[in-house]
Amino acid sequence: MRIDVVSIFPTFFDVLEVSLLGKARDRGLLDVRVHDLRDHAHDRHRSVDDTPYGGGAGMVMKPEPWGQALDEIVASSDADAGTVRPVIIFPSPAGELFSQATARELADEPHLVFGCGRYEGIDERVFDYAATLGRVRLMSLGDYVLNGGEVAAMAMIEAVGRLIPGVVGNPESLVEESHEDGLLEYPSYTKPASWRGREVPDVLLSGHHARVADWRRAQQVERTRIRRPDLLPAAETEPQA
């Protein structure tokens, strides 16, 4: 998979060199390219923002640097992969909610582009123009506002990247995680069996695989009922007897 990121803070993404995603890049599983939006600003101050039409507080990111950056990325994408149209993602509090299902969907795409906005956002015409180059999706991590799109883009890249075959060493660990089956993950324990007066549940020490599986499923439902009842069907929102 190829991932391009456009930001005015390209060094923010240096952290991608570490951990599993860094190893995946070294092994050729991920091709991540980070671009400085200011490279496409041609005034002496390398400015990428201006005052908003209609007035109001803050500044808005100008369309031309974004247009040039996207043109360059898509042109190189065509050279790399023929006629594949990338998915162009703009992190935005006004976007659709990013979820584990979204991450699974995006993990099947050959090319993702993340455009990280700042200030009061990006000129709306950029989204319209980007739609002529690829499939545009505005995405939000949740109902809150960040200073820019970098944190959200990093979270999405990690959520998607770890689902690419070969990135995570044990693929079975991806199956039993929160949100993979619509429920939160069950609690986990390791040695010692007794720690500071707190005991590992007996069922996990029993060696009885069917009982362990039943216990874990019940814990998933109960944990989801308490913490995220919105994820459960109405019939499962009542406490278990």
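Me: Two strands pair if DSSP finds at least two bridges between them. Going by that, which residue stands opposite valine 113 in S6?
Reply: Isoleucine 88 does. Keep in mind that this is a predicted model. Strand S5, residues 87-97, pairs with S6 in the parallel sense, over three bridges.

Me: How does the chain cross from S5 to S6?
Reply: The path goes through helix H3, residues 100-106, and this β-α-β crossover is right-handed.

Me: Is S6 buried or exposed?
Reply: Buried. Five of the five residues in S6, which covers residues 111-115, are buried, so the strand is largely enclosed by the rest of the structure.

Me: Which residues of S6 are on which side?
Reply: His111, Val113 and Gly115 lie on one side, with Leu112 and Phe114 on the other. Both faces are covered. In a regular strand, side chains alternate between the two faces of the sheet.

Me: Switching to aromatics. How many aromatic pairs are there?
Reply: The structure holds three. One of them is tryptophan 66 with phenylalanine 90: the ring centres are 6.0 Å apart and the planes are at 65°, so this pair is edge-to-face. The cut-off for that is over 60 degrees.

Me: Where do those two sit in the chain?
Reply: Tryptophan 66 is in helix H2, residues 63-81, and phenylalanine 90 is in strand S5; the two are 24 residues apart, so the pair links distant parts of the chain.

Me: Buried or exposed, tryptophan 66 and phenylalanine 90?
Reply: Tryptophan 66 has 0% relative accessibility and counts as buried. Phenylalanine 90 is buried too, at 1%.

Me: What else does phenylalanine 90 form an aromatic pair with?
Reply: Phenylalanine 127, also edge-to-face, at 4.8 Å centre to centre with 70° between the planes. Phenylalanine 127 is in helix H4, residues 124-130, and 37 residues separate it from phenylalanine 90. Its relative accessible area is 13%, which is under the 20% cut-off, so phenylalanine 127 is buried. Trp66, Phe90 and Phe127 form one aromatic cluster.

Me: Last topic, H7. What span should its 19 residues have?
Reply: At 1.5 Å a residue, helix H7 (residues 209-227) should span 27 Å. The C-alpha atoms at its ends are 27 Å apart, which agrees.

Me: Which residues of H7 are buried, and what do they pack against?
Reply: Val212, Trp215, Gln220, Val221, Thr224 and Arg225 are buried. The buried residues of H7 pack against helix H6, 202-205.

Notes. Residues are numbered from 1 along each chain as its sequence is written. This is a predicted model: local features need pLDDT of at least 70, side-chain atom pairs count only at pLDDT 80 or more; totals for chains, interfaces and linings use all residues. Side-chain values use heavy atoms; hydrogens and water are left out. Buried means under 20% relative accessible area, exposed over 50%, partly exposed in between (1.4 Å probe, protein chains only). Helices (H or I, at least four residues) and strands (E, at least two) are DSSP runs, numbered from the N terminus. A crossover is right-handed if, with the strands pointing away from the viewer, the path from the first strand over the helix to the second runs clockwise. The expected span of a helix is 1.5 Å times one less than its number of residues. Contact means heavy atoms within 4.5 Å. Rings of Phe, Tyr and Trp (its six-membered ring) pair if their centres lie within 6.5 Å; planes under 30 degrees apart count as stacked, over 60 as edge-to-face and the rest as tilted.
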